[in-house]
Amino acid sequence: MVLLHVKRGDVSQFLYEGSVNTSVEEISREIVTIYNGQLKVSRVCSEIEELSKHGTMLPPEMLGLTEEQVKELQLVDDWGEKCVPSGGWSNSPDPVGRRNGRSPQSKMQEILLKTVNEARLAVSNKLVLEGKTLQHRNIQDALDLLRGAVMIVYPMELPPHDPIRMEFANIEDLTGTQASLEVIEPAKAQLWFAGKLMLTDRKLGDIVGTNEKTKIIIKLAKIEEGAPGREPVVSEEARKQLMLQAYRRQEELKVSNKRPQYDSKSLFYSSVYPIWRKYGTCWLKCHIISINRDDS
């Protein structure tokens, strides 16, 4: 299987394995699904962290309102009364007014936060450094893990308007959010290899050859973004090593320039001692006399 190192811009996302006989269209569709799945897990994890701090989401008509405004308008969070965390709740007002301020108890919070960390590690881009591939089932396993933790803490489920429940049901509305700009539609996705667009009507083997042990770097982009930047000739790690070697060489030259300079006689006397040990005093005297004559 060909190992594809998928990047978005200059950031590594995950490793993916594909056969040389697989079409680029199919590979592109699977890669986009995994990439969007990573974003989905990240969004759910962020919302669960807020859930553990400030409770369930308020109804849309109560979002951003102060307590005085809620009382004045006589609005009631009916779902907040139904969706109570296991073990009770403690008051923890949401400073941005998105959630009802009824946070779970500390033990339930630990369950949620521990599961969030596990899910993030399961789909992290750090898997690239470990040489581990990421597949769609890994994304689904992470979502199932998060869903199970939420069910433990909220056995009565979350309100239907809570973004976590909507994410689990795949009916999330990202309109007008930064997250909507990050998601890539499969029909608008492009794969680039070595600065060239990978055409969807070709097979992977037509582009990288028939060797199944090949490893390549491909970049994921949207159609309107155009060609992504090329990979640097020297990797970041290699560049750091070259700079370190150049610095060490520069320091060595500084030290050598500070050493005292010797004339020819001093260099001679410092070098002939081993020869004198070998050939004796007569040979050494003859050569010293000849040097003195040359200098005079």
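**Helix packing and charges over rings**

Reply: In this predicted model, helices α1 and α4 are roughly antiparallel to each other.

Me: What makes α1 and α4 roughly antiparallel?

Reply: Helix α1 (residues 24-54) and helix α4 (residues 106-122) pack at an angle of about 165 degrees, with axes 10 Å apart. Angles over 145 degrees count as roughly antiparallel, and α1 and α4 are therefore given that name. The crossing of these two helices is left-handed. Among the residues that make the contact are V41, C45 and I48 of α1 and L112, L113 and V116 of α4. By class, this contact of α1 with α4 has 8 nonpolar, 4 polar and 2 charged residues.

Me: Why is α1 called roughly parallel to α5?

Reply: The axes of α1 and helix α5 (residues 136-153) come within 9 Å and cross at roughly 15 degrees. Angles under 35 degrees count as roughly parallel, so α1 is roughly parallel to α5. This crossing, too, is left-handed. In α1, residues including V41, C45 and I48 meet residues of α5, including I139, L143 and L146. The contact of α1 with α5 has 10 nonpolar, 4 polar and 1 charged residues.

Me: Which ring does the charged end of K82 sit over, and how do you know that the distance qualifies?

Reply: The charged end of K82 sits over the ring of W79, at 4.8 Å from its centre. The cut-off for this distance is 6 Å. R147 likewise lies over the face of F168, at 4.8 Å from the ring centre.

Me: How many aromatic pairs are counted?

Reply: The count comes to 0 aromatic pairs, where ring centres would have to lie within 6.5 Å to pair.

Note on methods
Residues numbered from 1 in each chain as written. Predicted model: local features only at pLDDT ≥ 70, side-chain atom pairs only at ≥ 80, totals over all residues. Heavy atoms only, no water. Axes fitted to C-alpha atoms, helices over the stretch in contact; angles between N-to-C directions. Helix = DSSP H or I, 4+ residues; strand = E, 2+ residues; numbered from the N terminus. Parallel < 35°, antiparallel > 145°, perpendicular 65-115°, else oblique. Left-handed = near helix turned anticlockwise from the far one by under 90°. Contact = heavy atoms within 4.5 Å. Nonpolar A, V, L, I, M, F, W, Y, C, P; charged D, E, K, R; others polar. Phe/Tyr/Trp six-rings, centres within 6.5 Å; stacked < 30°, edge-to-face > 60°. Lys NZ or Arg CZ within 6 Å of the ring centre and 35° of its normal.
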